[in-house]
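Reader: I've just opened this one and could use a hand finding my way around. Can we go through it bit by bit?

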2 protein chains.
Amino acid sequence: MAEEGAEVCNKQIIFRDYITGFPKESDMVLSSSKMSLKVPQGSKAVLVKNLYLSCDPYMRNRMEKPDKSKLISQTCKLCSYSFGSLLIGFVLLGVAKVIDSGHEEFKEGDIVWGRTGWEEFTLLTELETLSKIKYTDLPLSYYTGVLGMPGLTAFVGFYEVCSPKEKEYVFVSAASGAVGQLVGQFAKLTGCYVVGSAGSKEKVDLLKNKFGFDEAFNYKEEPDLDAALKRYFPEGIDIYFDNVGGTMLDAVLLNMRLHGRIAVCGMISQYSLDNPQGIHNLTNLISKRIRMEGFLVFDYIAVQPKFEEQVHRYLKEGKIVYVEDTVNGLESAPAALVGLFTGRNVGKQVVAIEHL
Amino acid sequence: MAEEGAEVCNKQIIFRDYITGFPKESDMVLSSSKMSLKVPQGSKAVLVKNLYLSCDPYMRNRMEKPDKSKLISQTCKLCSYSFGSLLIGFVLLGVAKVIDSGHEEFKEGDIVWGRTGWEEFTLLTELETLSKIKYTDLPLSYYTGVLGMPGLTAFVGFYEVCSPKEKEYVFVSAASGAVGQLVGQFAKLTGCYVVGSAGSKEKVDLLKNKFGFDEAFNYKEEPDLDAALKRYFPEGIDIYFDNVGGTMLDAVLLNMRLHGRIAVCGMISQYSLDNPQGIHNLTNLISKRIRMEGFLVFDYIAVQPKFEEQVHRYLKEGKIVYVEDTVNGLESAPAALVGLFTGRNVGKQVVAIEHL
């Protein structure tokens, strides 16, 4: 138990106002408030010191006015951030250390992961997403990525939504990102031919030399995406793992093979547009009998134990690798979030508050 | 066996040239040629007199230049019509009577269905699609529709692609057409709530009063399709059976429920457009975890016997009804095909050459 009455100044990132278009650093503001480092007497809450925080594209959609939100709808059971609230994630967003606990399952010093906030200390009262970290023999920050939500997203998106088979042709967009880099490696482990697209030479090199993609290209240097895909997939594409939507999706539709599958994981190119781009090539769904399926990771939480065990083993055996882009300090978080939409990050974007 | 040497003048519809845009009557021409009413000696061919011919939207796509075809691609194993060739279908296109046969499975007088041509008499040399008609206690023309390809399309599209459950909300576009009218009735038999859209008051009345749809509306009288769908589906749509694509599909995406399914059967609104309309609301696939799947009936030929038995029983028991729009004479066929694209037909479009 922490010392009675100890008070700290808790730095927080506060969401300033609803946004339209691209998020800007000025949409978020660094604030601070006094906070006791002890859970209230009789409470079952848990007080944590945040160590690593996740930074994900979906957060931008929660900064829109609820009725204007294109991705987040009432029926989706997600809600937008309240005006002036902390930026928080809906699942598995951070890694933290327990400072004080009123709950029997957690004690001071435990390393945990789950829903926390973009702040130094968080008093957690809803504990359903909180878990003690099982594997501490890998970087703890991995629970914001490869062993956390993005990892599970890649795992279920590829293995469950894409129904992959050996020797199939797989294309991944935003392939060096938190999810994409794993999808490509899962596809290689399955015996597929894998090509990824990314937005810089550095990322393309990473895909080919670090993640083992068969080929990779910089979409910014391809004025004709259809022609680029025909070059990399003369036989066509069996599986497209879509992280970007828009013109890339439209070009992919022209290059799909019979009975192809498109897992729609994200459409980062569209989130900040007032009028999303039109997709013109959907008649290919019919002639090629394509299944196109959107998914959200929290429908698959039951898969987490199996996923965690398997991916931990892959990491230990060196069968998969993971690249993070870490910024230090909460004050760096807004720029890191904004940077996701310009492709500034190389690998999974993490905000480290304290390295452990 | 027919009389040795008997010759007739065989009327045929010939495809004049590759088309762009909407098909016109002048794209097809009535021609005729002399023909022997006997199969060549030693041949295993079957000579038939055509009775009922089918008239389907997909035929238009086969009139495009192969490399320009938006729906029909190389990988699809369908090919465009050859320049100056007969208009033929790829499966189950007509009902006919055997005049002469060199094949042991067929004899003079047999009533058959399968791939035939838009002509009075056809000499069939490839017999893999030809079958003797099993149920002759219903109109023979039903084998161009409810018991033929459109029926099987509705059957597998609804039961296999849509995975329907009782009490789900089902929307069908082009709902009075060859396929749509059956989808709606299958949905009612499954215990779903069903709404259909069509393009005239007469069709809307048919949907409500003849086919038992819960509701129906004339899309031409709805300037705001999103608002119309919200009126008919305040709880949203679980299943959309898409026959039209375009703006209707875009509006539907805004109104889908969580884990909804979209069976993409056709996009008749798009086939004649040089630049298909853009679909802007695909991010809903993610937030609502929607599966959108294109299909073609000939992947499901194995289901035909089960389908035929079940739908024949439904028809005999009066559990489903079927409406055809029949024009008489081969010379009426081009106008009938063109009319599909302006919604002239009410129900399945059939061309009767000889009523039996």
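This is a predicted model: local features need pLDDT of at least 70, side-chain atom pairs count only at pLDDT 80 or more; totals for chains, interfaces and linings use all residues.

Reader: What percentage of the residues of chain A count as buried?
Author: To count as buried, a residue needs 20 or more other C-beta atoms within 10 Å of its own. Out of the 356 residues of chain A, the share that passes is 51%.

Reader: Which strands stand at the edges of the 12-strand open sheet?
Author: The order of that sheet is E10(A)-E9(A)-E8(A)-E11(A)-E12(A)-E13(A)-E13(B)-E12(B)-E11(B)-E8(B)-E9(B)-E10(B), with mixed pairing. An edge strand has a single partner strand, so one side of it is left without a neighbour in the sheet.

Reader: Which residue stands opposite A:Val264?
Author: Strand E12 (residues 256-264) of chain A runs parallel to strand E13 (residues 291-294) of chain A, and 4 bridges join them. A:Val264 faces a residue in E13(A), namely A:Gly294.

Reader: Which helix of chain A packs on the sheet, touching E8, E9 and E11?
Author: Look for a helix whose direction makes about 165 degrees with that of E9(A). It covers residues 180-189 of chain A, and its name is H3.

Reader: Over in chain B, at what angle does helix H6 run to E11(B)?
Author: H6 (residues 246-254) of chain B lies across strands E8, E9, E11 and E12 of chain B. Against E11(B), the angle is about 170 degrees.

Reader: What kind of axis relates the two chains?
Author: Two copies of a chain are related by a rotation about an axis and a shift along it. Here a rotation of 180 degrees with 0.0 Å of shift superposes chain B on chain A, with an RMSD of 0.0 Å. That relation is the one of a two-fold axis.

Reader: Which residue of chain B has the C-alpha nearest the axis?
Author: The C-alpha in question lies 1.9 Å from the axis. It belongs to B:Gly278.

Notes:
Residues are numbered from 1 along each chain as its sequence is written. Chains are lettered from A and ligands numbered from 1 in the order in which they are written. A residue is buried if 20 or more other C-beta atoms lie within 10 Å of its own, exposed if 12 or fewer, and partly exposed in between; C-beta atoms are placed from the backbone. Two strands pair if DSSP finds at least two bridges between them. Helices (H or I, at least four residues) and strands (E, at least two) are DSSP runs, numbered from the N terminus. Two residues are in contact if their C-beta atoms, placed from the backbone, lie within 7 Å. Axes are lines fitted to C-alpha atoms, for helices over the stretch in contact, and angles run from 0 to 180 degrees between N-to-C directions. Copies are superposed by least squares on the C-alpha atoms of residues with pLDDT of at least 70 in both.
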